[in-house]
Amino acid sequence: MINQPNTKSIVCFGEILFDIFPTHKKIGGAPLNVALRLASLGINTQIISCIGADSNGQEVIDYLIPTGISTKTIQINGAHPTGEVLVHLNEKGSATYTINYPAAWDKIKYTQEGETAVIGADVLVFGSLACRDAIAHQSLLNYIALSKFKVFDVNLRAPFYNKELLLELMLEADCIKFNDDELYEIAKFLNSPYHSLEQNIHFIAEKTNTNNICVTKGSHGAVLFTNNQLYYNSGYQVTVADTVGAGDSFLAGLLSVLITENNPQAALNFACALGALVASHEGANPKITRKEIDEFMHPTTS
Ligand SMILES: Nc1ncnc2c1ncn2[C@@H]1O[C@H](COP(=O)(O)OP(=O)(O)O)[C@@H](O)[C@H]1O
Ligand SMILES: O=C(O)C(=O)C[C@H](O)[C@H](O)COP(=O)(O)O
């Protein structure tokens, strides 16, 4: 549901798919998770993606209609199925993924509708997984060239990335979001001599000429580097159901505040609270209202 309408707009690019858990399936894909959370926070949101001409594809459309996310920039591909990902959860609720190839979203094309959406938007959000196929990769590069502000949500999914791809996307980005494992892995392949998180943030900012870097640390919260300054939140305590999509909602929460209030500390606090709340629910896209987030951040003691 849309809460407070807002004039800012964001376009997400990449996979729409079904996360297949051992007992059920849930709609997902990192860019769609970001888009759904942004829309629920009142940001005008679109997603450029592709689904199959199949029942899963129809389910995606039926799911999106009440969310306020336009389906205009979602293409339908008759030759490839709507994406599916097998989710493997460990005892802490952390996920690894087996990602079927090829899926419809691997074949996202450059279209007039997509072009109009990206030109009109304040921000374009994308990840690395959507670049595993040359077709979607080239489309993304074409959209990036038109965007005012580019946010790279790294989301490393082995074996679908390599050093050249990550470097290409980092160099294009105005803002990069890593989790701590991703930050250290990428710093290492860039031959960083440093060990601390902060040193590696500065190192990557310099190497990629990116002034905004955010690193999430699971239950330990997150660090944001922006305006040449570091901001910290040490995390909120929850009982974890599964952490699928916590990073995606975190990013949506962060961007929703940064583009409307330009208050980095408030944005980081809000994002960490939202990420923690998502981790405390099943799946990537539980419904969470602003009121629930506010009450979670500022509990009354009565
Ligand atoms: N176990 C947890 N307890 C509390 N908050 C969490 C937990 N896991 C994730 N979060 C919140 O969600 C954010 C993103 O989670 P993280 O696992 O670091 O990202 P990603 O999903 O991208 O790997 C964290 O910065 C934190 O605010
Ligand atoms: O699209 C992908 O990359 C997937 O593997 C499907 C998942 O729905 C999300 O990626 C979860 O994303 P996290 O917030 O990093 O837990």
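Because 12 of its 16 residues are buried, α8 is largely enclosed by the rest of the structure. The model is predicted, so local features need pLDDT of at least 70 and side-chain atom pairs pLDDT 80 or more, while totals for chains, interfaces and linings use all residues. Residues are numbered from 1 along each chain as written, chains are lettered from A and ligands numbered from 1 in written order, and side-chain values use heavy atoms, leaving out hydrogens and water.

**Helix α8**
- α8 reaches 22 Å from its first C-alpha to its last, close to the 22 Å expected at 1.5 Å a residue, a span defined as 1.5 Å times one less than the number of residues.
- Just after α8, N262 takes a positive phi of about 50°.

**Aromatic pairs**
- Rings of Phe, Tyr and Trp (its six-membered ring) pair if their centres lie within 6.5 Å, with planes under 30 degrees apart counted as stacked, over 60 as edge-to-face and the rest as tilted; the count comes to 5 aromatic pairs.
- The rings of F13 and Y143 have their centres 5.9 Å apart and their planes at 55°, so this pair is tilted.
- This pair links distant parts of the chain, with F13 in strand β1 and Y143 in helix α4, 130 residues apart.
- Both F13 and Y143 are buried, and ring pairs link F13, Y110 and Y143 into a cluster.

Technical notes:
Helix = DSSP H or I, 4+ residues; strand = E, 2+ residues; numbered from the N terminus. Buried < 20%, exposed > 50% of the residue type's maximum accessible area, 1.4 Å probe, protein only.
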